[in-house]
Amino acid sequence: MAQMTDRMKELFEKVGAVALGTSTLDGTPNVVPVGAKKIIDDETILISDQFLNKTLSNMKSNPRVSVTYWEGHEGYQLKGTITIETSGTRYEETAQWIEDLGAKAGFPLKSKGAVILKIEEIYGVAPGPGAGKQLA
Ligand SMILES: Cc1cc2nc3c(=O)[nH]c(=O)nc-3n(C[C@H](O)[C@H](O)[C@H](O)COP(=O)(O)O)c2cc1C
């Protein structure tokens, strides 16, 4: 497992959306923006699935994913393996959070599942000499 620093967590929470990359088993890539995201602990993040389609299908056959986020020239890339929870406390809490979010936004939103990413590797994506360097 790899652990996010306080700064990595701070930026993750600050950005409006992150890029979630998945791929089919035969290697066709897919990247989508996701905004319903949370930090569970230093090595675990959660993404709520409201609309995931090709992404969900990819994750079911290939649970290895990548999440990239940035602001200005600072950014990080997380790689790891996901599990999907569609029942239990964590899912129920996610469902409530998303329902509340929808109520605030003025349109109904429903979480179909909580995607839990266990982070195994972290890379920097800032341009410059350290670009792409493994940080954890
Ligand atoms: C700014 C933004 C934020 C989004 N956030 C989420 C999200 O948190 N959860 C989700 O399921 N879909 C979210 N979507 C929708 C997905 O990006 C995408 O439309 C969906 O996964 C279907 O694409 P796919 O078939 O490639 O998976 C968001 C879209 C945008 C533009």
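**Working through the model**

A: Gladly, and please keep in mind that this is a predicted model. One place to begin is helix H2, where the face turned away from the buried side carries the exposed residues Lys 60 and Ser 61.

Q: OK, and which residues of helix H2 (residues 54-61) are buried?
A: Thr 55, Asn 58 and Met 59 are the buried ones in that helix. Seen down the axis of H2, the buried residues fall within an arc of 95 degrees, so they line one face of the helix.

Q: What covers the buried residues of H2?
A: The cover includes strand E1 (18-23), strand E2 (29-34), strand E5 (64-71), strand E6 (74-85) and E7.

Q: Switching to the ligand, which residues come nearest?
A: Of the 15 residues around the ligand, Val 32, Ala 36, Asn 53, Lys 54 and Thr 55 come nearest. E2, strand E4 (44-49) and H2 are the elements that give two or more residues to that shell, and E2 gives the most, with four residues.

Q: And what's the shell around the ligand like by class?
A: It has seven nonpolar, six polar and two charged residues.

Q: Why does Ala 126 count as partly exposed?
A: Because Ala 126 has 15 other C-beta atoms within 10 Å, whereas a buried residue would need 20 or more and an exposed one 12 or fewer.

How values were computed
Residues are numbered from 1 along each chain as its sequence is written. This is a predicted model: local features need pLDDT of at least 70, side-chain atom pairs count only at pLDDT 80 or more; totals for chains, interfaces and linings use all residues. The arc is that of the directions from the helix axis to the C-beta atoms. Two residues are in contact if their C-beta atoms, placed from the backbone, lie within 7 Å. A residue is near a molecule or strand if its C-beta atom, placed from the backbone, lies within 6 Å of it. Ala, Val, Leu, Ile, Met, Phe, Trp, Tyr, Cys and Pro count as nonpolar, Asp, Glu, Lys and Arg as charged, and the others, Gly among them, as polar.
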